[in-house]
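Please examine the sequence and the structure shown here. The briefing that follows treats a helix, a sheet and the surroundings of a ligand.

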Amino acid sequence: MVKFLQDREGQIITKGKDSGDLIGGRPSLAGSVSQRACVFCGSRVVLYPIADALHLIHGPIGCASYTWDIRGSLSSGPQLYRSSYSTDLREQHVIFGGEKRLYKALSDLITELHPKAAFVYSTCIVGVIGDDVESVCKKVQAEKNIPVIPVMAEGFQGSKKDGYKIACEALARLIGTDDSKEASPYSINILGDFNLAGELWTLQDYYSRIGVQIMTTLTGDGRVKDIRNAHRAKLNVVQCSGSMIYLAKLMKEKYGIPYMKVSYFGIEDMSDALYDVAKFFKNDEIMEKARRLVTSELSRLVPALAPYKKALEGKKAAIYVGGAFKAISLVKALRLIGVKTVIAGTQTGNTEDYKLLKAICDDGCILVDDSNPVELSEFVKRTGADLFIGGVKERPIAHKLGIGFVDHNHERKHALSGYNGMLNFAKEVYATVMSPVWRFVRDVK
Ligand code: SF4
């Protein structure tokens, strides 16, 4: 039996057995191979779905390997964001400074590609050699007449979560710089959906059916002009609260825009997201349309889910995802199709989030913050999970243990939000868990 690092006490609990709450928000412990990525990576995750912007990474070429190919995010128009640009710093630039190289790369790329804005990401070595990225951006912005925004995201500053905050600060510099887009009295910004597989298009359909205007999507399928006008919306609706709640709070402070947290995954949460927005606007017509939409979608979905629930009843799932709200929605959605969650963990949840997660899990469920492959493998063995739901870094754990894996993150190709998304999810869980291939896999657990 694996022994866990003593200093991680409090970051691993079993519901019904351990009395305390799960502690979140701690820095990763040295010696524990955290699944968390670096600050730069966190900032890039949030910003790069802005499709008509240039994204230039000031640093060694290796930092730029984190590209669109690793994390899909769909655009209904421009494709500029899919290209990864780097100043490719070498030894001589580390010795003599990289500002001239940054200036030339930035100027040439803007001339060549005509982006609507440019984001310049500062990586570890740039922080070490002390290039003045801010002043290069300022100079190019004045010369090229587009917003050029430094993203001071040196990897060593902390973890991926710190990168989210830096990205929010970069977005805040863009918001409020244009007033030309009309906003209806029932307008919202969607914060924290990255349109990995077209989720935003589902939400656009739902919100337009109930008479609510989506002003800006931050940042999935994002456009610079919309973001510059985001301060005109009447409400911020925040999905991935781990990445975007900071921006929502900044906008509340600066522009007085209220915000609410929602999830678009699973029947309950999707319906609440529509009802809560309708309630906020205190408009009977919007509420009535929301009711009709939910009723009509459910009359289709509930019978369609029934056979999957029957087949999957009693199966067990392990969840390890980025944020706690995603984990909470997953526990509820799995329960809807008869699957019990036996492990629930996240990279970036905080203690308050974990109280909610613990409350909805069953006794015996292992809850874990900032885990690593050794711990996760051990938990799967202990609980006998049939399925692992996670992202790109959890996939090999499931494969090595010989259990099914469902991608709930970067690599998936099916939208999982909304009512159709719930059906897609049920089909994927079913196809994974019930696959005949498991008959031929020796027991490696
Ligand atoms: S930790 Fe530093 S060097 Fe490594 S990818 Fe992140 S920014 Fe680049």
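How many residues has helix 12, and how far does helix 12 reach from its first C-alpha to its last? Helix 12 (residues 324-336) has 13 residues and reaches 19 Å, close to the expected 18 Å; the expected span is 1.5 Å times one less than the number of residues. This is a predicted model, in which local features need pLDDT of at least 70, side-chain atom pairs count only at pLDDT 80 or more, and totals for chains, interfaces and linings use all residues. Residues are numbered from 1 along each chain as its sequence is written.

**Helix 12**
- Helices (H or I, at least four residues) and strands (E, at least two) are DSSP runs, numbered from the N terminus.
- Just after helix 12, G338 has a positive phi of about 80°.

- Six strands form an open sheet with mixed pairing, in the order 1-12-11-10-13-14; two strands pair if DSSP finds at least two bridges between them.
- Strand 1 (12-14) and strand 14 (404-407) are the edge strands, each pairing on one side only.
- Strand 11 (residues 340-346) and strand 12 (residues 366-369) run parallel and are joined by 4 bridges.
- I343 stands opposite I366 in strand 12.

**The ligand**
- The residues surrounding the ligand are C38, F40, G59, C63, T123, C124 and G155 (C-beta atom, placed from the backbone, within 6 Å).
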